[in-house]
Amino acid sequence: MAPRMSQFQSTFFVSGNGEGWALYSERLMDELGFLSDPGRRLGYLVAQQLRATRVIVDIGMHLSMPIPSGQPFHPGERFTPALGREFMGLHAGKDEGFLDSEWERYLGWPGQAVCYKLGERVWLAGRDAARRRADAEGRPFDQKAWHMAALSMGSTGLDHLAAELPVL
């Protein structure tokens, strides 16, 4: 399908789409049973924990959001870079050196963690909608064919991806 892609789709990388696919594909491997070994499953869950922590820190720091008052971590205070780093240290499940690099990355790239998770949600919702469509039409859902068609679209924005995935 590459000849049908625009120059943008075949040249540029849209992180919400590409990184969303990466998170989606990790979840897919879990769904398909490839992470049934306890060590692999734990690694997957620790990665999910890190990503949830990234989203909280990304939103909290860049919007200077107040920390909810019922929480044990600095209730009522506003997120700052220092509190973001402290929060990551308490909740991300990774070593200090790795967390320092992550913290600096998210200080300089607002919205990155959020766009990854939004991309994953678009991929999941698109697959679910395509599956429901196949069911409604009385045909089996061919997950492999759907993935091939979806990936053949190349790099595209999330709005376009969300519109196309259900109809593949």
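Which helix gives the most to the lining of the largest pocket? It is H3, with three residues. The legends below take the predicted model view by view.

From the N terminus on, its elements run α-α-α-α-α-α-α-α. Along its principal axes, the C-alpha trace spans about 55 × 40 × 30 Å.

**View 1. The largest pocket holds about 200 Å³ of space.**
Its lining is made by 13 residues. Closest to the centre of the pocket are Ile56, Ile67, Pro68, Phe79 and Phe87. Two helices, H3 (38-62) and H4 (81-91), each supply at least two residues of the lining. H3 gives the most, with three. What classes of residue form the lining of this pocket? Ten are nonpolar and three are polar. No charged residue takes part in the lining.

**View 2. Helix H2 packs on helix H6.**
H2 covers residues 15-31, and H6 covers residues 112-136. Their axes lie 7 Å apart, at an angle of about 60 degrees. That angle makes H2 oblique to H6. The crossing of H2 past H6 is right-handed. On the H2 side, the contact is made by Ser15, Gly16, Asn17, Glu19, Gly20, Trp21, Leu23, Tyr24, Arg27, Leu28 and Glu31. On the H6 side, the contact residues are Cys115, Tyr116, Lys117, Gly119, Glu120, Trp123, Leu124 and Arg127. By class, the contact of H2 with H6 has eight nonpolar, five polar and six charged residues.

**View 3. Helix H3 crosses helix H5 at roughly 40 degrees.**
H5 spans residues 96-108. The axes of H3 and H5 come within 10 Å. The two helices are therefore oblique to each other. Which hand does the crossing of H3 and H5 have, left or right? The crossing is right-handed. From H3, the contact takes Leu50, Arg54, Asp58, Met61 and His62. From H5, it takes Phe98, Leu99, Glu102, Trp103, Arg105, Tyr106 and Leu107. Seven residues of this contact are nonpolar, one is polar and four are charged.

**View 4. Helix H3 also crosses helix H6, at roughly 125 degrees.**
The axes of H3 and H6 come within 7 Å. H3 and H6 are therefore oblique to each other. H3 passes H6 in a left-handed crossing. Which residues of H3 meet H6? They are Gln48, Arg54, Val55, Asp58 and Ile59. Their partners in H6 are Gln112, Ala113, Val114 and Lys117. By class, four residues of the contact of H3 with H6 are nonpolar, two are polar and three are charged.

Conventions: Residues are numbered from 1 along each chain as its sequence is written. This is a predicted model: local features need pLDDT of at least 70, side-chain atom pairs count only at pLDDT 80 or more; totals for chains, interfaces and linings use all residues. Side-chain values use heavy atoms; hydrogens and water are left out. Axes are lines fitted to C-alpha atoms, for helices over the stretch in contact, and angles run from 0 to 180 degrees between N-to-C directions. Helices (H or I, at least four residues) and strands (E, at least two) are DSSP runs, numbered from the N terminus. Angles under 35 degrees count as roughly parallel, over 145 as roughly antiparallel, 65 to 115 as roughly perpendicular and the rest as oblique. A crossing is left-handed if the near helix is turned anticlockwise from the far one by less than a right angle, and right-handed if clockwise. Contact means heavy atoms within 4.5 Å. Ala, Val, Leu, Ile, Met, Phe, Trp, Tyr, Cys and Pro count as nonpolar, Asp, Glu, Lys and Arg as charged, and the others, Gly among them, as polar. On a 1 Å grid over the protein atoms alone, a cavity is a set of points where a 1.4 Å probe fits but cannot get out, and a pocket is an open set with protein on both sides within 12 Å along at least five of seven lines; lining residues have an atom within 4 Å of a point. Grid points are joined across faces, edges and corners, and a volume is the space filled by probe spheres set on the points.
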